[in-house]
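Please read the numbered points alongside the sequence and the model.

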Amino acid sequence: MLAPTEPASTEARLDPAHSQGTLIGKRYIDAQDRVEMLCTQGGQGSLTFEGVAMTVKQAKALPSSD
Amino acid sequence: MLLDMAAEAFPNRIALTSGSASLTYRELQTAAHRAAERIRACGCRHAALLDTNSLAVPVLLFGAAYAAVPYVPLSYRLTGRELEELLDRLIPATLVTTAEYVGALRIPAGIEAVERGDFLANVSTVEPVHHTGEYPDPTSPAIQLFTSGTTGKPKAAILRHQNALSYILGSVEFGSAAETEATLIAVPPYHVAGIAAVLSSTYAGRRMVMLPAFDAVQWLRTCAAEHITHAFVVPTMLARIIDQLGGEEVTLSALRSIAYGGGRMPRTVIERALRLLPAVDFTNAYGLTETSSTICLLAPGEHRAALDSQDPDVRRRLGSVGKPLPGIELQVRDGAGRELGPDEPGVIFVRGGQVAGEYRDTGSMLDVEGWFCTRDYGWLDREGYVYLDGRADDIIVRGGENISPGEIEAVLLAHPAVSDAVAAGMPSEEWGEAVGAAVVMKEGTAVCAAELQQWVRERLRSSRVPELILFRERLPYNEMGKVLRCNVRAELSAAVCDMR
């Protein structure tokens, strides 16, 4: 797992083609399930990998164990 | 990171309650940043806690993470001398505590002791705190927990940020709790389950209610008063809660989920609990300090199916710890390290991101392929359910507390009339396992069990006092001169059965 180190640039403009939004706490995977990302701060932009939109991974719900 | 996400997504939700005091997620985040500033300012290398559950527990846990020093909760059940030895190993450190626990202690130079009340007063502020936006290095130590080793000298288990995160991200869905949900944290802060409860509740967005010290009546009353929906208990706590259920006029209508672990659950206790609380989901969680808490679970549906089934294979699952979490691989191996098949007992090995398997003094205990030996003995059934059958070594697990027989034996042997002694676990309805002992007296001496029990009580904690002492002519040894503890354990078990 990688730690986020650099704060995101505030200068960038949102590309309307990538404005579906990204939700805090959701995991995003690419179509072939090679890359998985966790959104730690939500925003209007959306994620792509190799030009293809990443989708929300549906995690299997586990019972609370603590 | 976990707290930052919670504070971002639901800043005004109540994060925790202790008595009449509460903090929102935003307030908890601010207080943790303030605590981090204090830790950095004093140049401490550890953020230690010697206290019962209170608001200070999550504040210091997250504050230590922001300051990039390990959080080190200490057991208030230790004797003064044991604590002084541990404090010596933590210099330089800040220690959040109360007079009740440090009043009689010699605090070594380099340990800055802070009263809990002063600590909380100093960190609660409405002034904005400068956020650096940085996270600690994921490979740096997040938590250091002292566990009782086989020799009796506590080992410092290290959990790195990446281990704890791997467990939380792998087992909890972010923000999955409704605002009305509340979890009752009744395990002590120095137990890995207490730490896991803080982390997973924060990530789920579930309000934490801190219970300072467990007592069945207080637990039930707090459940009712705070509309508790979730709780974690060790088997001993559950046994006391269900004993109390009949006598207490309380409503547990909000309670939906009880998770349990930390020791062997007697079948009679869990069966009674399932019948007395038909609307509650029970989850058995098996884990170790070294694995960042839970590695296997037996889900609520599997409990109910086992209770009602006529199939003996399904019925016996109530005695299983369930199946490994998705992020955990588990193997049972024989003494030569070969992987065993279904129903063949051996030692349990695990591998996964949450498995830390590391001690401060000895370094990583993982093998080259990343496997960790749990030292738990057990087997897998054909469906992949994990069954445990005691420790591979002889640690006595009494009510979730690990007790090394060695220290009890040393004290017994120090008695002028004792020539030989062995301590071992024996089955207990109340504790899962209790301490028993067999002793040989010197010729011409006579002492009763009560006198030896008093002797131990004066020198060790009360949990170390053998509940049953057998007097023998000699103790069983093998030809290598090693005492056959398993034989003593069998004799103790037989004696316990006779007494019932």
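1. Chain B holds an open sheet of nine strands in the order 2-1-10-9-11-12-13-14-15, with mixed pairing. Strands are DSSP runs (E, at least two residues), as helices are (H or I, at least four residues), numbered from the N terminus; two strands pair if DSSP finds at least two bridges between them. The edges are strand 2 (21–24) and strand 15 (323–324) of chain B, each pairing on one side only.

2. This is a predicted model: local features need pLDDT of at least 70, side-chain atom pairs count only at pLDDT 80 or more, and totals for chains, interfaces and linings use all residues. Residues are numbered from 1 along each chain as its sequence is written, while chains are lettered from A and ligands numbered from 1 in the order in which they are written.

3. Within the sheet, strand 9 (residues 182–185) and strand 11 (residues 230–233) of chain B are parallel and share three bridges. B:Leu184 lies opposite B:Ala231 of strand 11 of chain B. Helix 12 (residues 300–308) of chain B packs on the sheet, where it touches strand 13 (281–288) and strand 14 (293–298) of chain B. The direction of helix 12 makes about 115° with that of strand 13 of chain B (axes are lines fitted to C-alpha atoms, for helices over the stretch in contact, with angles from 0 to 180 degrees between N-to-C directions).

4. Chain B is assigned domain 1 (2–319) and domain 2 (396–499), with bounds from an automatic or database assignment. Their C-alpha centres lie 32 Å apart. The contact (C-beta atoms, placed from the backbone, within 7 Å) takes 18 residues from domain 1 and 14 residues from domain 2 of chain B. Helix 10 (residues 235–245) of chain B gives the most to the domain 1 side, with three residues.

Note on methods: Two residues are in contact if their C-beta atoms, placed from the backbone, lie within 7 Å.
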